[in-house]
Amino acid sequence: MNINFECTSCGRCCHDLKVPLTVSEAIDWLSDGNDVQVFCEAVPWPADASADDLQAAHKKRRSFSSVSGSLSIRVIVIFVATFSGACPNLQADMRCGIYARRPLVCRIYPAEINPFVELLQANKSCPPEAWGEDKLPLVENGKIVDVATMALIRQSCEADAQEVHIKENLCAALQIDSAALANEGFVIYSPGRAVLLETLRKAAEDLNPHPTRLTWRYISNQQSTIDILRSIGAVSSLVAENPDRKFEYLGCGVLKPNCT
Ligand code: SF4
Ligand code: SF4
């Protein structure tokens, strides 16, 4: 598959978004007075499991190991800037107000930040006139050919891997201990701007992981998922079984950031 593309600067991609952020981007976003949420998902991962295919290795690099009951798991934590309508950084002339330091995911759009997710024109906000054989090559034979975009995707993957211990420490500090089953949804924590900024700054200064005895709880909106997870030793419960919850649950069928 080949894709040719040139941005028309229409600004459509800067509306109604969930923007995945690196740690430094999340600190900047919070410091600018905007909100960031913490999205959590977890994959059952037997202690002796290998990661011998590229996609499994990618998942392993961007996650930390923990347990849910007697089940070994890997937890993926993503910082996400969520907004309805225009991005708080979008100016009236449709230019980005933080262009020089805009997040990586904004820089590579419409490409996918996850190298294992296929770029599909139908999933993108760009107008028809942005695509066509007369535009610059972006994808050839299914692979991104734009060198700058590829470098940014690699940079994002490296940040993901390097920041795992910061995310682990942050979860311990904020008692974030529930996650959705990967690919089924996300458990979303919104600790508040000031608390998250202060905790994230501290976690980012700490160079060492501090694994806790935290037992993670799986959350799902599907009884069949709960039954399967319990049968393999995980602690799990339906969303409705957590009336005092400090999180929201988002099923993937509703919305999904393009980072997973
Ligand atoms: S940060 Fe800039 S490029 Fe990214 S969504 Fe906001 S306005 Fe658009
Ligand atoms: S929606 Fe596409 S064409 Fe419009 S500004 Fe964003 S990247 Fe450019």
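**Ligand 2.** I began with the shell around ligand 2, which by class has seven nonpolar, four polar and one charged residues. Here Ala, Val, Leu, Ile, Met, Phe, Trp, Tyr, Cys and Pro count as nonpolar, Asp, Glu, Lys and Arg as charged, and the others, Gly among them, as polar. The surrounding residues include F5, C7, R12, Y109 and C126, each with a heavy atom within 4 Å of the ligand.

**Basis.** I note that the model is predicted, that local features need pLDDT of at least 70 and side-chain atom pairs 80 or more, and that totals for chains, interfaces and linings use all residues. Residues are numbered from 1 along each chain, chains are lettered from A and ligands numbered from 1 in written order, and side-chain values use heavy atoms, without hydrogens and water.

**Aromatic pairs.** I found five aromatic pairs in the structure (ring centres of Phe, Tyr or the six-membered ring of Trp within 6.5 Å; planes under 30 degrees apart are stacked, over 60 edge-to-face, the rest tilted). The pair W29 and F83 is stacked, because the ring centres lie 6.4 Å apart with the planes at 10°. W29 belongs to helix α1 and F83 to strand β5, so this pair ties together parts 54 residues apart in sequence. W29 is buried at 5% relative accessibility, and F83 is buried at 10% (buried: under 20% relative accessible area, 1.4 Å probe, protein chains only).

**Charges over rings.** I looked up two cases (NZ of Lys or CZ of Arg within 6 Å of the ring centre and within 35 degrees of the ring normal). R102 has its charged end over the ring of Y99, 3.8 Å from the centre. R74 lies over the face of W45, 5.9 Å from the ring centre.

Definitions and conventions
Helix = DSSP H or I, 4+ residues; strand = E, 2+ residues; numbered from the N terminus. Buried < 20%, exposed > 50% of the residue type's maximum accessible area, 1.4 Å probe, protein only.
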